[in-house]
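Reader: Could you walk me through how the pieces of this model pack together?
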Amino acid sequence: MRTKQHAAQQLPLAFAHDPATGRDDLLVADPLAAAVSVVDAWPHWPAPVVILTGPVGCGKSHLASIWRERSGARVIHPLAGSDAARMAAEGPVLFEDADRAAFDDTELFHVINSVRQHGTSLLMTARLWPMGWNVALADLKSRLKAATVVEIGEPDEDLLGQIIVKLFADRQLSIDEKLVSYIVRRMERSLAAANDIVDRLDRLAWARGTRITRALAAEVLAEAVPGSVTD
């Protein structure tokens with residue numbers, strides 16, 4: 001049965017919350033340390049092509065944004081007939097979501113060759129390692145094997161706590177440290193889950209005109225991860 005309080009709720013407007021994506025806003029912990037080190041080391045990379053891999057919400061796009069701003073890289077999409085290879089010859093280039101965005105094997109092969117020949121840099125992001133990509137061209141497979149691949153792992157509890165605080169701060173909200181610990185101990189250990197929980201809490205608190213409390217968090221967690229909330 002719906003309570004009077006639930007019946008009186010209004011649907012909140014879908015306000016956009018732009019996350020802070022500068023280098024100073026990056027939360028560095030063990031799962032991200034290797035990837036951050038590689039990005040910070042540019043242009044002195046061990047190989048001209050670097051691939052950042054990891055699950056949804058792990059920080060790949062944040063790091064790519066930092067590197068793009070630092071290097072002046074241009075975004076490319078290596079499709080047949082595109083000018084991606086030419087752009088790669090002129091300076092650093094960025095190709096995101098390589099394992100999900102359709103690309104032409106031959107064009108990406110030419111992009112990597114341009115990078116190697118002209119001494120520029122290519123950063124790619126993906127959920128999967130290159131061996132899991134849909135690549136048919138043997139020469140491209142060989143080039144990808146020579147790339148530096150850095151995997152970003154799932155966050156530990158300490159990093160999740162920091163991320164939750166940051167996500168609320170991006171929305172101009174502060175949250176009690178004990179409540180953060182309560183949430184982290186009961187949530188799925190992923191950045192995607194952290195984003196989802198913070199979004200649900202923010203919207204639910206707005207709809208009810210209340211602050212974010214442990215009871216509200218328990219309600220959201222019970223919906224997000226059934227059976228996960230115990231006193």
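**Helix packing and the sheet**

Author: Let's start with a pair of helices: helix 9 passes helix 10 in a right-handed crossing (right-handed if the near helix is turned clockwise from the far one by less than a right angle, left-handed if anticlockwise). Helices are DSSP runs of H or I with at least four residues and strands are E runs of at least two, numbered from the N terminus. Bear in mind that this is a predicted model, where local features need pLDDT of at least 70, side-chain atom pairs count only at pLDDT 80 or more, and totals for chains, interfaces and linings use all residues. Residues are numbered from 1 along each chain as its sequence is written, and side-chain values use heavy atoms, with hydrogens and water left out.

Reader: At roughly what angle do the axes of helix 9 and helix 10 cross?

Author: Axes here are lines fitted to C-alpha atoms, for helices over the stretch in contact, with angles from 0 to 180 degrees between N-to-C directions. Those of helix 9 (residues 191-208) and helix 10 (residues 214-224) come within 10 Å, and they cross at roughly 130°.

Reader: Which strand pairs with strand 1 over 4 bridges?

Author: Two strands pair if DSSP finds at least two bridges between them. The open sheet has 5 strands in parallel pairing, ordered 2-3-4-1-5. Strand 2 (74-75) and strand 5 (148-151) are at the edges with a single partner strand each, so one side of each has no neighbour in the sheet. Strand 1 (residues 49-53) has a parallel pairing over 4 bridges with strand 5.

Reader: And which residue in strand 5 is the bridge partner of Ile51?

Author: Look in strand 5, at residues 148-151. The bridge partner of Ile51 there is Val149.
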